Amino acid sequence: LGQTRRADTEFKTALQLTPGDNFLIADYADFLLDQGLAREALELTRGYAQSDTSFLRQVLAESALGLPQARADIAAMASRFRDLEQRGDSRLYAREEARFVLWLQHDPQRALKLAQDNWRFQRAPEDARIYLEAALAAGQPTSAQPVLDFLRQTPLEDPRIKALAGQ
């Protein structure tokens with residue numbers, strides 16, 4: 001709802017209650033990255049590189065900070081996605097892969113395809129967001145019509161998604 005101070009406090013409280021929760025760490029890191037706090041996101045995720053979701057946030061933070069380690073970690077993340085595909089687990093991480101492809105490999109067309117494929121199975125706010133971001137980056141905003149239809153039918157309130165949908 002755009003209440004960033006309250007959200008930050010709630011994330012910190014949640015981390016005290018469930019330290020090491022991978023999904024909470026990834027969500028808080030996303031929040032920090034959205035606030036332009038890449039250094040804080042990096043510190044949060046640094047000890048959790050064994051998790052693909054946390055490692056992706058670490059790499060996004062490294063890239064945002066222009067750190068030399070980002071290049072090697074981007075290659076490592078690409079390798080992890082290849083491994084997931086070989087194991088047949090890639091569908092479970094399509095949202096993360098779309099984000100990786102869009103923001104770190106700078107391939108909006110491929111990111112859009114991944115986001116579209118992911119939308120068939122997952123429809124969380126984060127799935128809507130990456131689909132909209134990829135459609136806009138690929139210059140194909142009309143391809144996001146399924147997300148726009150979904151947003152009209154649900155009571156989802158998210159300022160970032162609303163702004164993307166408006167574009």
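A residue is called buried when its relative accessible area is under 20%, exposed when over 50%, and partly exposed in between, with a 1.4 Å probe and protein chains only. This is a predicted model, in which local features need pLDDT of at least 70 and side-chain atom pairs count only at pLDDT 80 or more, while totals for chains, interfaces and linings use all residues. Residues are numbered from 1 along each chain as its sequence is written, and side-chain values use heavy atoms, with hydrogens and water left out.

**Stop 1: Arg95**

Select Arg95, which lies in helix H6 (residues 94–103); helices (H or I, at least four residues) are DSSP runs, numbered from the N terminus. Arg95 is buried, its relative accessible area being 17%. Neighbours within four places in sequence aside, Arg95 is in contact with Asn118, Gln122, Ala124, Glu126, Asp127 and Ile130, where contact means heavy atoms within 4.5 Å.

**Stop 2: salt bridges**

A salt bridge is a side-chain nitrogen of Lys or Arg within 4 Å of a carboxyl oxygen of Asp or Glu. Arg99 is buried at a relative accessible area of 18%, and Asp30 is buried at 11%.

Next select Arg80 and Asp52, whose side chains form a salt bridge (3.0 Å, N to O). Arg80 belongs to helix H5 (residues 69–87) and Asp52 to helix H4 (residues 52–65), so the pair ties together parts that are 28 residues apart in sequence.

Then select Arg120 and Asp117, which are joined by a salt bridge of 3.9 Å, N to O. Arg120 is exposed, with 59% relative accessibility, whereas Asp117 is partly exposed at 25%. The structure holds 14 salt bridges.

**Stop 3: helices H1 and H2**

Colour helix H1 (residues 4–17) and helix H2 (residues 22–34), whose axes come within 11 Å and cross at roughly 155 degrees. H1 is therefore roughly antiparallel to H2. The axes are lines fitted to C-alpha atoms, for helices over the stretch in contact, and angles run from 0 to 180 degrees between N-to-C directions; those under 35 degrees count as roughly parallel, over 145 as roughly antiparallel, 65 to 115 as roughly perpendicular and the rest as oblique.

Which residues of H1 meet residues in H2? From H1 these are Thr4, Ala7, Asp8, Phe11, Lys12, Ala14 and Leu15, and from H2 they are Leu24, Ile25, Asp27, Tyr28, Phe31 and Leu32. By class, this contact has nine nonpolar, one polar and three charged residues. Ala, Val, Leu, Ile, Met, Phe, Trp, Tyr, Cys and Pro count as nonpolar, Asp, Glu, Lys and Arg as charged, and the others, Gly among them, as polar.

**Stop 4: helices H8 and H10**

Move to helix H8 (residues 125–137) and helix H10 (residues 159–166), which pack at an angle of about 30 degrees with their axes 10 Å apart. The contact is made by Pro125, Ala128, Arg129, Leu132, Glu133 and Leu136 of H8 with Arg160, Ile161, Leu164 and Ala165 of H10. Its classes are seven nonpolar, no polar and three charged residues.

**Stop 5: His106**

Finally, select His106 in the loop between H6 and helix H7 (108–119). His106 has a positive phi of about 55 degrees although it is not a glycine. His106 is exposed, with a relative accessible area of 61%.

Methods
Helix = DSSP H or I, 4+ residues; strand = E, 2+ residues; numbered from the N terminus.
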